[in-house]
Amino acid sequence: MHLIIAEKNIAANRIAHIMSGKEKVSAKKEGGVNVYSFGDRTSIGLRGHVVEVDFVEGYTNWRSQERPPRSLIDAGTVKRPTEPAIVKLIQKIAKKANRVTIATDYDTEGELIGKEAYELVRAVNSKVPVDRARFSAITAEEITRAFSETTEIDFDLAAAGEARQVVDLIWGASLTRFISLAAKRGGVNILSVGRVQSPTLAMIVDREREIDSFIPEPYWEISLTTEKDGQQIVARHAEGRFTEKKAAEAAYKGTKEPLVITEVKEGKRADRAPTPFDTTQFIVAAARIGYSAANAMRVAEELYMNGFISYPRTDNTIYPPSLNLESILKTLEKTKFAPDVEWVRKNKRAKPTEGKKSSTDHPPIHPTGVATEAELGENWKLYELVVRRFLATLSPDAEWATMRIAMDATGQNYIATGSRLTTPGWRTVYPYSDAKDSILPVVKKGEKLKILDLNLEEKQTQPPPRYSQSKLIQVMEELGLGTKSTRHEVIQKLISRKYIEGNPLRPTLVGKAVTESLEAHASTITRPDMTQKLEQAMEAIKIRDKSRDGVIDDSRKMLHQVFDELEPNEAVIGQEIMDQTDEELTLGPCPVCGNDLRIRRKGGSQFIGCNGYPDCTFNISLPGTMWGSAVRTKNVCEIHKLFHVSLIAKGSRPWEMGCPLCQLIEQQKEHYAKMPSMTEQMQQTLLDCKIFSLYEVSRMEPEVFAKKTGINKKLADKLIQEANEVLNFIRKRSECKKFMKQYVPPKRGRSHTKVMNGFSDSGINFIEDVALASVDTLKKTGLSDEEAETLKTEAIALVAKNQLKDIGVSTVSLKRYQESGFLTPEDILLAHPAYLSLKAGISIDTVTKHVSLIAEALGRPEPEKISKKALEAGKNELTGLHGVGDTTLENLYKAGIYDKKTLAAADAAKAAMLSGLSKDHVKKLQAASGI
Ligand SMILES: [Zn+2]
Ligand SMILES: [Zn+2]
């Protein structure tokens, strides 16, 4: 059997369908993995890497004394399966295979993924021949060719990829750990550092500093408007920018009629057709139509996997001779671009355009398959872009007619320029860039015109612009940072780690703090040199100039030097970063005292507190950190001048909370609505007096409250009392919710809040309400029968428990009563003390005490009291009777019979019912008692 291993499932599927020809492909799932079989062949897709490089065991503890961050540099590494199901299946099939073909993507990463698959195969089958199919597009032609001329795995290329993996792991892990520990950051707040990531971040920080320190300088521009045959001409002063205001004013004043045409120059300008797409140029073009780098690459990959375009990771901008351009045009004739193809055929340039870079692995990105808009949906836009770019590279250059008019106004020279597209050329099929005409009227040398308008404008020099994603990718490429496959991922990582934000990109406070500290203490990490060196070493591995282990060792040495610089400065680095990021937690003025409010975290909880504490106790509570750590956002509340707060949790969208004070005030409105004496006007008075919460009201002294707000003491008393009642309500309701949470697991569409709100709608707010509610009422909120019943039973038990505690039953006894089935005060009161004592294992004296307390609390008559002595004597009497053992004794106690006397006095029928013994049995015992 011939096993084919592709990079992804979708590629495996397509390869199977291409290679099967007319044969049927049977698709099935094995252990959750798709398997495509046809004839003697089986095709399976990986999920990119199915194993990952990680440290050997023993390095997971960040705070280990024996293994500090530096120890990671020399720690051993192992490969661990990340997709065990796929690994298992490949090995199962490989055992039976007589040929294995690796058909992963054709580049360094793909070669490494292929080598990983090869190793999995070899582990279970040491003999099977393994070959490699290399292709640049998943089309019938390419796949057929690739499988008919398979080669060997390029272990050198894979080794280069492996070196990168290991180096990145070591750099990233050791430095991330070091910096995070130094700045006392953990969990979701760790500060990551990386080989490519940190120099890229440094570029963005650097640009921001340029912008911050930029001092704009004024300059002046003069323009005039004139007219010929009703057509306007706008001309600017030949001097361009005036840096001196005086000179500009003089030129402005000196500009007078007559305005004489001194020269008219006509010319032509060629507008070169664009060059074929490599990854970077593709990302740049996609950005112009609104795609982020990561999104553009994601879509391109999908298009490639489905056979619509060629492999999108390429540095090549020259079509190789082997690429059949004519057959691509033929393919495109079957699409809606047929008219464009026809135009290109008629106007085709002699030779397609060429960029500067040629590489042998992949051709430039080009279309490979027929697609329709309906079939591609959103992805159509990028397919169209690739198609049109391809057509443009075969099209003639465009041409512009240009015109330059020079004028003289009493010694002041002005110039007007115009241009007109005379030959649209490639622009016919590639309408993505603007081609605006600015047409000038026909004028003659010596002609005199009127000045209709004269303008002196003051302007300012502008700072350099921030990087857009596509611009950044271009600069990364120039500096040798990352590869065509990783650049967009690096940017995405910086965004998700909250180091950069916005579009164009700017650094966050944390991004800036980390970069500046690294620059100051170990600039190797933030400079591109080191990573460039590594990229060169990687190339050397590919051609066997260097070994994988040699490169990794060099990198280890370099990293040790970095740690030599870092370690002595650990405390300083930590302090620097903390000082700068401190700002991140400061929100603005406290509404009570004016000191700064700050987000404070402690364990799993966080809140907003005042820097004026303990003099000022103003605070706002926040949801626990399990909901995400609170940070400030860029927005500021106009009313309170406080930064908005959002909760950031790993893997989910930030939860925008808005202005925390506005939120607090809004919440209090809900609470105040429950207070009968609280009016809207009173609420305003409270805000005016800087009393922001119900809680504050509840804790006020009536006199102070009255004085502060100017109300009478009676109303103050009342308001405080009502506030306490509402608080009590809130507290008890939240207790009820907490209780409910223990027994009702959350489900989709049934959050605890939703269930609790449902309860409230039925008038259930406290645990006591749950105990009294019917199971049907509880079920209305989406609870199952079982859940409702459990909840009710547990509520009854809990209410009773609290009642008994209040009555004065000790915790130890309470537990015993409950364990033996006496849950409520009622249960205890109804049982006979002798039976209670026996079942619960509590001495009769204590039971008697409890029963008296309960009876008193419930206003019931006190039941009969039995002394310990009497009980023991009675027990001896009863067990002395024939056939009375422990069980019968317990049954008799149940019926209130604890000695011969009570036995004889009992009504046999009633005693039988209560004890569960037969009436005859009771009568027999009565007879035996001898009374
Ligand atoms: Zn304060
Ligand atoms: Zn506000």
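Which protein donors does the zinc ion (ligand 1) have? They are Cys-590 (SG), Cys-593 (SG), Cys-610 (SG) and Cys-616 (SG), at 2.2 to 2.4 Å from the ion. The model is predicted, so local features need pLDDT of at least 70 and side-chain atom pairs count only at pLDDT 80 or more, while totals for chains, interfaces and linings use all residues. Residues are numbered from 1 along each chain as its sequence is written, chains are lettered from A and ligands numbered from 1 in the order in which they are written, and side-chain values use heavy atoms, with hydrogens and water left out.

**Zinc ion (ligand 1)**
- Donors are N, O and S atoms within 2.8 Å of the metal (3.2 Å for Na, K and Ca); water is not among the atoms, so sites may look incomplete.
- The 4 donor atoms subtend angles of 93 to 114°, which makes the arrangement tetrahedral (four donors with all angles between 85 and 135 degrees).
- Along the chain, the donors follow the spacing C-x2-C-x16-C-x5-C.
- Cys-590 lies in the loop between strand 18 (586-589) and strand 19 (596-602), and Cys-616 in the loop between strand 20 (605-610) and strand 21 (619-621), so the pair ties together parts that are 26 residues apart in sequence.
- Helices (H or I, at least four residues) and strands (E, at least two) are DSSP runs, numbered from the N terminus.
- Both Cys-590 and Cys-616 are buried (under 20% relative accessible area, 1.4 Å probe, protein chains only).

**Zinc ion (ligand 2)**
- Cys-637 (SG), His-640 (ND1), Cys-659 (SG) and Cys-662 (SG) coordinate this zinc ion at 2.0 to 2.3 Å.
- Angles of 108 to 112° among the 4 donor atoms give a tetrahedral site.
- The donor spacing is C-x2-H-x18-C-x2-C.
- His-640, in the loop between strand 22 (629-636) and strand 23 (643-648), and Cys-659, in the loop between strand 24 (655-658) and helix 20 (660-672), are 19 residues apart and link distant parts of the chain.
- His-640 and Cys-659 are buried.

- An open sheet of 6 strands has the order 2-3-4-1-7-8 with mixed pairing (two strands pair if DSSP finds at least two bridges between them).
- Strand 2 (26-30) and strand 8 (130-132) are the edge strands, each pairing on one side only.
- Strand 1 (residues 2-6) and strand 7 (residues 99-103) run parallel and are joined by 5 bridges; Leu-3 has Val-100 of strand 7 as its bridge partner.

**Helix 17**
- Buried residues of helix 17 include Met-530, Leu-534 and Ile-541.
- Just after helix 17, Arg-544 takes a positive phi of about 60°.

How values were computed. Buried means under 20% relative accessible area, exposed over 50%, partly exposed in between (1.4 Å probe, protein chains only). Four donors count as tetrahedral if all angles lie between 85 and 135 degrees; four count as square planar and six as octahedral if opposite donors are over 155 degrees apart and all others between 65 and 115; anything else is irregular.
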